[in-house]
Amino acid sequence: VSRNPLFDVMFTVQNAEAENTGGLPLHSVPIDSPVSRFDLTVIARETGDNITLDIEYCTALFEARTIKRMMAAWMNIISSVTAENGTGQTIAQIDVLSPQERHRILETFNKKEHVYPEDNTIPQLFSQRAQANPDHIALVDEVSGQNLHLAFGYLDKRTSQIAHTLVNRGIEPGHIVGLLSNRSVEMILAILSILKAGAAYLPLNPRNPFERNRFMLTDAGVAHLLTHGSYIAEYRNRWTVFDIDGIGESAHPASNVDLPQLPSQFSPQSLAYIIYTSGSTGTPKGVPISHANFMPLLHWGCDQYDIGTRDRTVQNVSYFFDWSVWEIFITLIPGAALYIISDEEQLNPRKQHAFLLRHAVTVLHVTPTQCSTLVNLGKKTVSLRFLFIGGERLSADLVERGLEMVSPSCRVY
């Protein structure tokens, strides 16, 4: 076995008085041992009024700086209990950290003075970006065969017109609108349009059994559902169903038409979306997220990463997972382009790799499972500037192999 069967840490106090040696002086001699017998051994020796400590540790488990911090914490404990009135303290009152270490953890590592804007909603930030870069490409779709390249200004105006259509058909601020969609341009149009109408969207997986989607729609109190024509028949008997494709086709923006003001009765505290848990441990539960809930993450991401107008992100994460909201809007709000990928390419590692190279994608969000399939190809993805891996258990081996897949300048999270 690689571990001691009885214990891993040993503490020894050597305070026996020296035997009478007839006047011969005795001196302790340090012995260098190449192997640590235990994970950690601390030996305390009393010499007159002093106590010296020898620490032996396994270098496979601890770094020297870790041992130094551990010993510093021990000295803090000793100083605390030996101080005046120290013996009257409870264990909870003994401070392990020095004032400097406490300041570093609570203040330096956990800065709270950064104030993020609290008066914005997702549509407001998107419209601000559209005004700043109206001609920059926001959305690219080759899936439909039309080779669509939609600019921010066009996308902003088109989604505003769709939002007006939704409002005219009965969707009001505060409503929760179901969204049943494949990965497509229409999916992005629907999300932005629902938010602009002041409502929140509830994303549904088209591959779910009808009963699961029915439960979520009913549980969330949904009255309106946006979906593709192929799903309408199954849902229209219970909900007011709008055809995403039809609404999108009927809402092409005219450059000379001024749109009336959209509803203003929603605020950053209004709901933006609801994501349901998988229900693997019981009944699925809906998690409502407001614009204000999402804003700190979005603003932090914009500050932390230099994602901008030169970047291209593939819309890779399923939109009914919470991560997709971050993927979509950490792309669009800073002015990067979002590329729609087909299911065929997304599920085939070779085709997805070819897609990444063909479009010079610079930002990729993947689960460890999907990252592993790309890594196993043994091919470089040199265009990536950011690689985000998450959503599942991640092994150190996959991280190392993932680093080999990208260029040295790529930032991997």
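At roughly what angle do the axes of helix H4 and helix H5 cross? The axes of H4 (residues 152–168) and H5 (residues 185–196) cross at roughly 60 degrees and come within 8 Å.

A quick word on the ground rules. This is a predicted model, where local features need pLDDT of at least 70 and side-chain atom pairs count only at pLDDT 80 or more, while totals for chains, interfaces and linings use all residues. Residues are numbered from 1 along each chain as its sequence is written, and side-chain values use heavy atoms, with hydrogens and water left out.

Helices (H or I, at least four residues) and strands (E, at least two) are DSSP runs, numbered from the N terminus. Axes are lines fitted to C-alpha atoms, for helices over the stretch in contact, and angles run from 0 to 180 degrees between N-to-C directions.

**Helix pairs**

| Pair | Axis distance | Angle |
|---|---|---|
| H4 and H5 | within 8 Å | roughly 60 degrees |
| H9 (residues 291–304) and H10 (residues 323–332) | within 10 Å | roughly 50 degrees |
| H3 (residues 122–132) and H9 | 10 Å | about 45 degrees |

Back to H4 and H5: they are oblique to each other, a label left for angles that are not under 35 degrees (roughly parallel), over 145 (roughly antiparallel) or 65 to 115 (roughly perpendicular). Their crossing is right-handed, meaning that the near helix is turned clockwise from the far one by less than a right angle. On the H4 side the contact (heavy atoms within 4.5 Å) involves Leu155, Asp156, Arg158, Thr159, Ser160, Ile162, Ala163 and Leu166, and H5 brings Leu189, Leu192, Ser193, Ile194 and Lys196. Sorted by class, that is seven nonpolar, three polar and three charged residues. For the classes, Ala, Val, Leu, Ile, Met, Phe, Trp, Tyr, Cys and Pro count as nonpolar, Asp, Glu, Lys and Arg as charged, and the others, Gly among them, as polar.

H9 and H10 are oblique too, and H9 passes H10 in a right-handed crossing. Here Phe294, Leu297, Leu298, Trp300, Gly301 and Cys302 of H9 meet Val325, Trp326, Phe329 and Ile330 of H10. This contact has nine nonpolar residues, one polar and no charged ones. H10 is largely enclosed by the rest of the structure, because ten of its ten residues are buried (under 20% relative accessible area; exposed is over 50%, partly exposed in between, with a 1.4 Å probe and protein chains only). Among those buried residues are Trp323, Glu327 and Thr331.

H9 also packs against H3, and H3 is oblique to H9. Ile122, Pro123 and Leu125 of H3 touch His291, Phe294, Met295, Leu298 and His299 of H9.

**A few single residues**

His228 sits in the loop between strand S8 (224–227) and helix H7 (229–235). With 8% relative accessibility, His228 counts as buried. A polar atom of the His228 side chain lies 3.3 Å from the backbone nitrogen of Asn182. Leaving aside neighbours within four places in sequence, His228 contacts include Leu180, Ser184, Glu186 and Asp243.

Arg358 belongs to helix H12 (residues 349–358) and is partly exposed, at 45% relative accessible area. Not counting residues up to four places away in sequence, Arg358 touches Glu142 and Glu345. Ala360 lies in the loop between H12 and strand S14 (363–366). Ala360 has a positive phi of about 50 degrees although it is not a glycine, and is partly exposed at 34%.

Methods: Polar contact = N/O pair within 3.5 Å; in protein donor to acceptor, adjacent residues only side chain to side chain.
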